[in-house]
Amino acid sequence: MFGHSLRRTWGRRPLAARGEPELFQLQVVIEAGDPGCDGHPQLTSSEAYHLTVTEPVAVLKAPEVWGALRGLETFSQLVHEDDFGSFLVNESEINDFPRFAHRGVLLDTSRHYLPLKSILTNLDAMAFNKFNVLHWHIVDDQSFPYQSIYFPELSDKGAYSSNLIYTPTDVRLVIEYARLRGIRVIPEFDTPGHTQSWGKGQKDLLTPCYSGEQPTGSFGPVNPVWNTTYDFMATFFKEISSVFPDEFIHLGGDEVDFSCWKSNPEVKQFMKKQGFGIDYAKLESYYVQNILDIVSSYNKGQMVWQEVFDHKAQLKPDTIVQVWMANNYAHELSSVTGAGYTAVLSAPWYLDYISYGQDWKKYYTVEPLNFPGSEKQKKLLIGGEACLWGEFVDATNLTPRLWPRASAVGERLWSSSNVTNLQDAYKRLTNHRCRMLRMVHLLVWLRENTATTEELSVQWLYR
Amino acid sequence: AENEPSGETPCTELLVHVSTPGCDGFPSLDSKESYKLCVSKGSMLLSAETIWGALRGLETFSQLVGRDENGTYYINETEIVDFPRFPHRGLLLDTSRHYLPLRAILETLDVMAYNKFNVFHWHIVDDPSFPYESSTFPELSKQGAFNAMTHVYTASDVRSVIEHARLRGIRVIAEFDTPGHTLSWGPGAPGLLTPCYMGKVPSGVYGPINPIVNSTYKFVTRLFQEVSTVFPDFFLHLGGDEVDFTCWQSNPEIRAFMKEKGFGEDYKKLESFYIQRLLDIVSSLGKGYIVWQEVFDNDVKLRPDTIIHVWKDNNLQYLKEMANVTKSGYQALLSAPWYLNRISYGQDWIEAYKVEPLNFEGSAEQKALVMGGEACMWGEYVDVTNLTPRLWPRAGAVAERLWSNATVRDVEDAYARLAEFRCTLLRRGVQAQPLYVGYCDHEFGGV
C-alpha cells in the first residue's frame, strides 16, 4: 500500500580488510508463474522487489520482471568504487516498491523533432530514475512527425521535413526499447485543439475560420460538426490502438480556442440545433465524448488533460485526468478525485519552465497528496509526470535540461512521503548525477562502436 | 536584392589583401578590425588594414555563401564596408565553479570567432577551485584544484588557449580575482588568507586575502610576475568584487591595523589599501588592468587608463553606474544586463539584444569611454554538459549589439537572422540550442 517506506538494514561488516568476503553472483528470481518477460508493463504491474546482498551470492527476488528491473537498478547504485579501484557493495537487505504506480516523463516531438537517439538516451535516463511511463506528445500545431499507415499524407504534408518523421519501425523501436526497461509508452494525439499540422495533410478536418460571411483561409480546431471528422478519427485511432500496445491512449483536449468555432456559420447552426446556446464548452465536450467512445470501442483506456473534466464532458469511469494548470492545482486534484476520477499530477512539474538556480528543490518538495480529500480520494491520485514541453527544447539541450532535475520528481513519485530531507537528497542527487554521466558516456561509446544498425538496435536494446 | 545565378565562370577565388602585416602579433584593444568585401562577377576581394580585419571579413564572407536546391554554392554580388562599433567584445567563462576541459574552451573560441567576439575573459580561479597550474607556486593547484591530476590547466594548456585565440583574433584576458573569491588559494598558500575569529579564537575558517602582512604582497608580486609573462595581453583583470568584510572585522590583528591606519570602521578603506598596492604591483609589471565596479565604487585610487567592469544589475542601475564611471574619466565595460548564466523561460536573447550600452546621461566624450562589454557565463550551474547550448545562440545577441551599428535593433529581423545563424552553427557542428519552435535542414543528431 502507499505509505510504507522501504526498510533497509545495512550490514555491520565493511568489506575492506584482508580475506574480504566476495560477492560472486547476483541471482535474480522472478516469483510469478509467468514472469511477464514477453509482455508489456501495465499500470497494475508489480514493481516491488526484495534485494539481499550478502556473500557469496546476492539475491534479487521480485513478483514480476518489472520489479526485477527496478531492483537491478538499485543494485547497480549500491556498487561503489574505493580509492584503489575496487568495486564494493555493502551487505544490505532492501524491501522496495513504488509509492505511485504512474511515474512519467512527457516529451514533445512536435515543437521540435527529436531524433531517435535522443529519445532512446532519455529512456535510459528514465530507467536510471525508475520512471515507468513515457508520455509521448508526438504531434501538435507545429509539426506532425508521426508517419501514419492509413493517412500517410499527415506526415508527408505535416512534418517539418520528409526526414523529420517517425516511421512505424522507429515507433516500434521506441516501444520495445522502453518495454525492456519497464517503461510504458502512452502516445498523445491531442485534439481538437493543437492540431494545425493535421490540417496540412487532411483536408476538411479542421474548422475553417470566418470573418463575417467569408472564410479567412485560416483554420481552427478539429471540426466537431462534420461526420467525416468522426470517420477519420475512428480510422485513425484504430491504427493508433494497434500500433501502441499500452492500455491507455492520451487524447489531449487542452486549450481549445473557441474563437474559430464561434466564427463559423455551420458550427453556429449546429450549436443551435443541439441546444448548446453559446456555451462552446458543450460543443467541445460533445466532440470529446465521441472520441472517448471511439477509443473505448478499441478497448483502450483514455487519458485527458484537465479541461476535459473542467468543461464537464462525460468521461468513462476509468478515464485518467492529467492536472496541469499550476494555479490552485490542489483544488483541482480535490475536484477530480472527488468526482471519482483517477488523476495524474503534472502542474508543479513543468520542467520546461527553467529558472536560475537549484530549482530541483521546488520539484522535490511537492507533496502530491497535499490536497483536501478523503483517503479514498487520495488513492485516486495514481502518480505524476514531469513535462518537458518542446518550444525551446530539442536534441541540443534536452538531456541537460531534463536531468538531473527530473530525478527529483522521480524520487518524489517512487519513495515514501517521509523522504524529504533536502540536504540528504542533494548529496545523493549529486552522486546520482555523476553516475548518470558515466552511464551515458558508456552508452554513447557503445553506439559509436557499433557497425550496423541491426547490431546497433540489438546493442541498444540489451544495453 | 535578387540575383540570377550566373551562367558564367564560377568564382573560385577570394583574394585577401592586408595592408599592414602582423600575422605573428597579438590582437589588442587598439587593433583595427575594419574590412571591405567586394563580390562581383568574376572577382571577390576582401581587403583590410590588419589581419584582424581580414579575419572578421572572412567570417562575414562565410556567412554570405548559400547553397541552392541543386547543391550549388552561390554568393550574391555584394559590397560591404564593415567595422565594429565597440573594440572590446568579450565573453567570460568561469573555470573555477566547474572545470571546463580544454576542448570546451577551444570550441567556445571557435564559436566566438563566428560571432566576431574578440576577447576571452578567462575567470580562471575563484573560491571553489584553483585549476591554474602555477610554475612559481605549484602547490596552489596541487591543493586547490578539484583534482590536481585531471582538473588543471597546465602551462601547455594555457599556451594552447592563447594561441588558438590569437589565430582567431581573440585576446585572452586572465582574471585572478582578489582579495575576495580566493578560498581555493588558501590550501596551497598557507598564511595568505585571513584567519577568521570567533571572539578571541580562530574559527578555522578563512576569509579574503590578508591585506596587512608583507608576505601577502611578496606572494602577489611573484604570482603576477608569472601571470604577466604567461598572458601576453596588455590587460589583466584583477577582480576586486564582492569582498566580504566580516572575516576581516573578526580578526584582532586586522582591527589593530585599522586603528593604526586611522581607517575607523570603514573596511572599504582597508580593501582600497590592498587594491592600491596590487594595482601598483601590476603596473610596475607593465600591465594595464580591468577591475570590477566595486573597486571604483569604493573610491580606490586608480590609474587613468583603468577599465571599470560594470556588472551589478539591480533595477537598471547599471546605466547610472556607466554614467558615473565615464564621468570620472574611466573607461567602462558593460556586463550587467548580459549575465547569460541567469537563465529564464522563453526568448531571453531579446532582452539582451535590446540593451543600449550608451543609453545614459552623458557627453559624447563620456560615451566614447565605453569600450564595449562582455557576455558572462558564470559557472555555478554550468559545465561541459550544458555550456554550449546555454551559450549559443544567446550570446550572439550580445555579439551583434557590440559589433553592429546602434540602429540595428529590429527584433523580428534579428530573430530571422539569428535563427538562421543557429542552423549555420549546427551545420558547423556546434550544439547550439533552438531560439523557438522550428527546425534546421541539418538537425543535431542527439547524444
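Trainee: If the bonded cysteines of chain B are numbered in sequence order, what is the pairing?

Mentor: Keep in mind that this is a predicted model. One disulfide of chain B joins Cys196(B) to Cys247(B), and another joins Cys423(B) to Cys440(B). Numbered in sequence order, the bonded cysteines of chain B pair as 1-2, 3-4.

Trainee: How far away from Cys11(B) is the nearest cysteine sulfur?

Mentor: A disulfide needs two cysteine sulfur atoms within 2.5 Å. Cys11(B) is in no disulfide, and its relative accessible area of 40% makes it partly exposed. The nearest cysteine sulfur belongs to Cys38(B), at a distance of 13 Å.

Trainee: How many residues apart in sequence are the parts tied together by Cys423(B) and Cys440(B)?

Mentor: This link is left-handed too, with -75° about the S-S bond. Cys423(B) belongs to helix H15 of chain B, while Cys440(B) is in the segment after H15, so the parts that the pair ties together are apart in sequence by 17 residues.

Trainee: Let's turn to chain A. Which helix holds Cys260(A)?

Mentor: Cys209(A) and Cys260(A) form a disulfide with their sulfur atoms 2.1 Å apart, and both cysteines are buried. The pair ties together parts that are 51 residues apart in sequence, because Cys209(A) lies in strand E11 and Cys260(A) in helix H7.

Trainee: What is the average twist from one strand to the next in the barrel of chain A?

Mentor: Eight strands of chain A close into that barrel in the order E8-E9-E10-E13-E14-E15-E16-E17, with parallel pairing. From one strand to the next, the twist averages 30°.

Trainee: Which residue in E10(A) is the bridge partner of Val133(A)?

Mentor: Strands E9 and E10 of chain A run parallel and are joined by five bridges. Helix H6 of chain A lies across E10 and E13, at about 165° to E10(A). As for Val133(A), its bridge partner in E10(A) is Arg184(A).

Definitions and conventions: Residues numbered from 1 in each chain as written. Chains lettered and ligands numbered in written order. Predicted model: local features only at pLDDT ≥ 70, side-chain atom pairs only at ≥ 80, totals over all residues. Heavy atoms only, no water. Pairing = 2+ DSSP bridges. Helix = DSSP H or I, 4+ residues; strand = E, 2+ residues; numbered from the N terminus. Axes fitted to C-alpha atoms, helices over the stretch in contact; angles between N-to-C directions. Contact = heavy atoms within 4.5 Å. Buried < 20%, exposed > 50% of the residue type's maximum accessible area, 1.4 Å probe, protein only.
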